[in-house]
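Hi everyone, thanks for coming.

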Amino acid sequence: MTAGWPQDHVLVLTLAGEVTVHRRTLLRRSLADAVAARPALLVVDLTALGFCDSTVLNALLRTRVDARSAGVPLVLAGPPPQAVRLLRLTRTEEVFTVRPTLRAALAVRPPVHRGAGRSGGPPGDH
């Protein structure tokens with residue numbers, strides 16, 4: 001899992017390979033750290049994910065809740081076919097903003113926060 005700041009406070013967290021029981025803690029910590037950084041947009045790049053099961057899905061769902069509470073827009077980018085199937089089967093594709101590529105995810109415009117700053121209410125649907 002790697003993170004980068006490619007443009008204007010957008011944080012991209014790339015999940016690669018397989019998330020095993022041993023890597024589950026690292027996944028959760030990496031996602032929590034990404035939300036805690038409070039970027040203008042958090043993109044979780046799934047293009048290099050080798051295997052996606054309930055471990056990954058649960059971590060992403062937890063991240064969605066945390067990101068929403070923190071006012072951080074969350075986008076999933078480039079899910080491989082297995083991840084797409086899992087999202088569809090569980091109907092969780094309806095609660096995430098999913099884009100087919102990292103480039104498309106980076107084109108998502110985060111909401112503009114005014115007034116008291118980012119501590120205001122959560123943004124619209126993610």
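**A short tour of the model**

Let's start with Val 12, which you'll find in strand E2, residues 10–18. When I say helix or strand, I mean DSSP runs, of at least four residues for helices (H or I) and at least two for strands (E), numbered from the N terminus. Before going on, a word on what we're looking at: this is a predicted model, where local features need pLDDT of at least 70 and side-chain atom pairs count only at pLDDT 80 or more, while totals for chains, interfaces and linings use all residues. Residues are numbered from 1 along each chain as its sequence is written, and side-chain values use heavy atoms, with hydrogens and water left out.

Back to Val 12. It's buried, at 8% relative accessible area. Buried here means under 20% relative accessible area, exposed means over 50%, and partly exposed is in between, with a 1.4 Å probe and protein chains only. Its C-alpha atom is separated by 9.5 Å from that of Pro 39, which is 27 residues away along the chain. Val 10 is in strand E2 too, and it's buried with a relative accessible area of 7%. From Val 10 to Leu 41 you count 31 residues along the chain, and the C-alpha atoms are 4.8 Å apart.

Okay, zooming out. The protein has four helices and five strands, and along the sequence they run β-β-α-β-α-β-α-β-α. Of the 126 residues, 38% are buried. Now take contacts, meaning heavy atoms within 4.5 Å: among those between residues at least 6 apart in sequence, 72% join residues at least 24 apart.

Next, one I'd like you to look at: Asp 45, in strand E3, residues 41–51. What is the nearest side chain of opposite charge to Asp 45? That's Arg 23, and it's 13 Å away, so Asp 45 is buried with no salt bridge. For the record, Lys and Arg count as positive, Asp and Glu as negative, and His and the chain ends aren't counted. A salt bridge is a side-chain nitrogen of Lys or Arg within 4 Å of a carboxyl oxygen of Asp or Glu. What the Asp 45 side chain does make is a polar contact with the side chain of Thr 47, at 2.8 Å. A polar contact is a pair of N or O atoms within 3.5 Å; within protein, one must be able to donate a hydrogen and the other to accept it, and residues adjacent in sequence count only if both atoms are side-chain atoms. Leaving aside neighbours within four places in sequence, Asp 45 is in contact with residues including Val 12, Ala 77 and Leu 102.

On to helix H3, residues 81–89, where Ala 83, Leu 86 and Leu 87 are buried. They sit on the same side of H3, because they cover an arc of only 100° around the axis. That arc is taken from the directions from the helix axis to the C-beta atoms. The buried residues of H3 pack against helix H2 (54–70) and strand E5 (97–99). Over on the other side of H3, Pro 81, Arg 88 and Leu 89 are exposed.

Is Thr 92 buried or exposed? At 9% relative accessibility, it counts as buried. Not counting residues up to four places away in sequence, Thr 92 touches Leu 57, Leu 61, Leu 86 and Leu 87. Arg 91 is in the H3–E5 loop as well, and it has a positive phi of about 60° although it isn't a glycine.

Last topic: charges. Side chains of opposite charge can pair when their charged atoms come close. How many salt bridges does a search of the whole structure find? It finds three. Arg 91 forms one with Glu 94, with the closest N and O atoms 3.2 Å apart, and both of those residues are exposed. Arg 88 and Glu 93 meet in another, at 3.5 Å, N to O. Then there's Asp 66 with Arg 62, at 3.4 Å, N to O. Those two are separated by about one helical turn, because they're four residues apart in helix H2.
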